[in-house]
Amino acid sequence: MYEIMKKFEFTGETKTINLLFGTATLHRIRAVAKFGFVEIGELGGWIEKEENLSHEENAWVYGDAKVYGNAKVYGNAEVRDKAEVCGNAIVYGNAKVGENAKVQDKAEVCGNAIVYGNAKVGEDAEVYDNAEVCGNVIVFGNAKVRGKAEVCGNAIVCDNAKVGENAEVYGKALIYGDAKVYGNAKVYGNAKVGEDAEVYDKAEVYDKAEVYGNAQIYGNAIVRANAKVYGKAEVCGKAGVGGKAEIRDDAKVYDKAIVCEDANVYGKAQIYGDAKVWYDAKVYGNAEVCGKAEVRGKAEIRDDANVYGNANVYGNANVYGNAKIYGNAKVYDNAKVWDDAKVYDNAEVCGNAKVWYDAKVYGNAKVYSNAEVYSNAKVYDNAKVWEDAIVCSNVKVYGNAIVCGNAKVYGNAKVYDNAKVWDDAKVYDNAEVCGNAKVWEDAKVYVNAKVYSNAEVYSNAKVYGNAKVYGNAEVCGKAEVCGKAEVFSTRHVLVIGTIGSQDDFATFYRDKDNEITVKCGYFLDKIDKFLEKVTETHGDSNYALVCRAAVEAARLQIDLSNEVTKDADE
């Protein structure tokens with residue numbers, strides 16, 4: 001057992017300081033040996049008892065610094081200026097405590113750590129390695145500041161929080177709970193990082209942003225303004241979250257994505273690429289927004305929906321289910337796209353329009369107003385569907401076609417070229433309307449019928465079966481053109497009625513055999529067969545006379561010259 005040589009003595013000068021419960025008498029010290037940078041006879045600071053400062057190595061208390069209570073300073077540690085070390089605190093290694101800093105309770109400052117300014121380190125907190133704590137900082141609880149970390153300004157690090165490596169915490173930042181800030185991360189302003197959250201790499205959290213729960217901010221990500229990131233959410237890459245945005249649950253924002261204003265991203269949603277979600281938009285469930293897509297306004301993307309490419313979803317629009325919006329597509333206003341529907345290219349869905357099931361809207365197509373497109377329907381090219389129109393089943397609407405009003409197109413029907421279907425018209429089954437054809441009012445085109453060229457079908461007319469109506473033909477009124485009709489002129493159809501005992505309308509029209517076919521009630525056959533049926537049914541009654549007169553009128557009216565007009569080509 002060797003005797004330790006003393007390196008200091010009490011000078012006899014004392015001062016009394018007030019404590020929370022009582023007072024303490026401190027003694028000025030003087031060096032009695034040369035050590036470190038201290039010369040013999042050099043006056044030191046103040047200690048309460050000899051045990052406060054080790055006689056070994058180069059530890060010293062300088063200037064007006066104070067060490068009291070059961071505190072210990074040893075190793076090569078330095079306490080300078082007006083700093084205080086008290087309670088059961090220990091300062092050792094090459095640590096330095098200076099200016100007006102205070103280390104108290106059971107706190108430890110060691111390694112090459114520096115604590116200065118008006119900083120306070122208390123309770124069971126630790127500052128070590130090459131860490132720096134300064135300004136008006138408070139470090140307490142079981143908090144640890146280590147590595148080359150810097151905590152300054154008016155920051156607080158408490159509870160079980162850890163700040164390490166090259167991290168910086170400053171301003172009025174608060175790190176609490178079991179939070180970790182490390183790497184080259186920065187937390188500043190009035191930001192808060194707490195609970196089990198982690199901020200690392202080169203990430204920054206500042207302004208009044210909050211990160212808590214099990215959230216992770218890393219890479220070069222930025223969380224700022226009044227944003228909140230919590231739950232198990234992740235923000236990474238070069239992503240930015242700002243405004244009053246909230247990222248929570250298992251959501252992830254990464255790459256160069258931006259979420260700001262009052263936007264909410266939650267569930268397992270992912271925002272990445274150069275995507276932007278802002279204003280009051282919500283993205284949740286398993287939804288993804290990526291590429292250069294934008295979701296804004298009060299739009300909602302949810303479930304397994306995807307918005308990508310340069311797509312825009314905004315207004316009060318809703319995209320959900322497995323729907324996909326991509327390319328340069330736009331979905332806005334109060335529009336809804338859901339199920340497995342797709343809107344892409346330069347297509348637009350807006351107003352109160354709805355697109356669902358497996359429907360597709362693409363090219364430069366536009367679906368708007370109160371229109372609905374669903375099932376396996378496709379609307380593409382420059383086609384437009386609007387007002388209260390419905391397009392469904394396996395329908396295709398394309399070219400420059402327009403479907404509007406209360407029109408319905410369904411089955412396997414096609415409307416294309418410059419065709420237009422509107423009012424309460426219906427096109428269904430395998431029917432086609434194309435060219436510059438028009439179908440409107442309460443007209444119906446169905447089965448395998450085709451209306452094309454410059455033909456028009458309107459009023460309560462029906463075109464069905466394998467009928468073809470084209471050229472400059474007009475089918476209107478109560479006309480029924482069906483079977484094997486081939487009508488391409490205004491002089492190819494005659495409607496007379498009511499006739500017969502059933503008060504039916506009779507439609508006389510040119511057929512593909514260049515003959516006249518008659519549709520009257522349940523009767524459908526050639527004009528000669530019609531005459532036979534009239535004689536068989538009505539004999540020579542007034543009914544028969546009227547029907548025969550109608551036949552004569554049809555033979556005079558209907559042109560069977562078979563000369564196709566210039567516009568009649570398919």
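Okay, let's start with Lys519, which is buried at a relative accessible area of 10%; buried means under 20%, exposed over 50% and partly exposed in between, with a 1.4 Å probe and protein chains only. Keep in mind that this is a predicted model, where local features need pLDDT of at least 70 and side-chain atom pairs count only at pLDDT 80 or more, while totals for chains, interfaces and linings use all residues. Residues are numbered from 1 along each chain as its sequence is written, and side-chain values use heavy atoms, with hydrogens and water left out.

So who does Lys519 pair with? Its salt-bridge partner is Glu480, with the closest N and O atoms 3.6 Å apart; by salt bridge I mean a side-chain nitrogen of Lys or Arg within 4 Å of a carboxyl oxygen of Asp or Glu. That pair joins distant parts of the chain, 39 residues apart: Glu480 sits in strand 74 (residues 480-481) and Lys519 in strand 78 (residues 516-520). Strands here are DSSP runs of E, at least two residues, and helices are runs of H or I, at least four, numbered from the N terminus. Glu480 is partly exposed, because its relative accessibility is 22%.

Now helix 2 (residues 542-557), where Glu552 and Arg555 lie 3 residues apart, about one turn. These two also form a salt bridge, again with closest N and O atoms 3.6 Å apart. Glu552 is partly exposed at 45%, and so is Arg555 at 37%.

There's also a salt-bridge network linking Asp511, Asp513, Glu515 and Lys526. Over the whole structure, the search finds 23 salt bridges.
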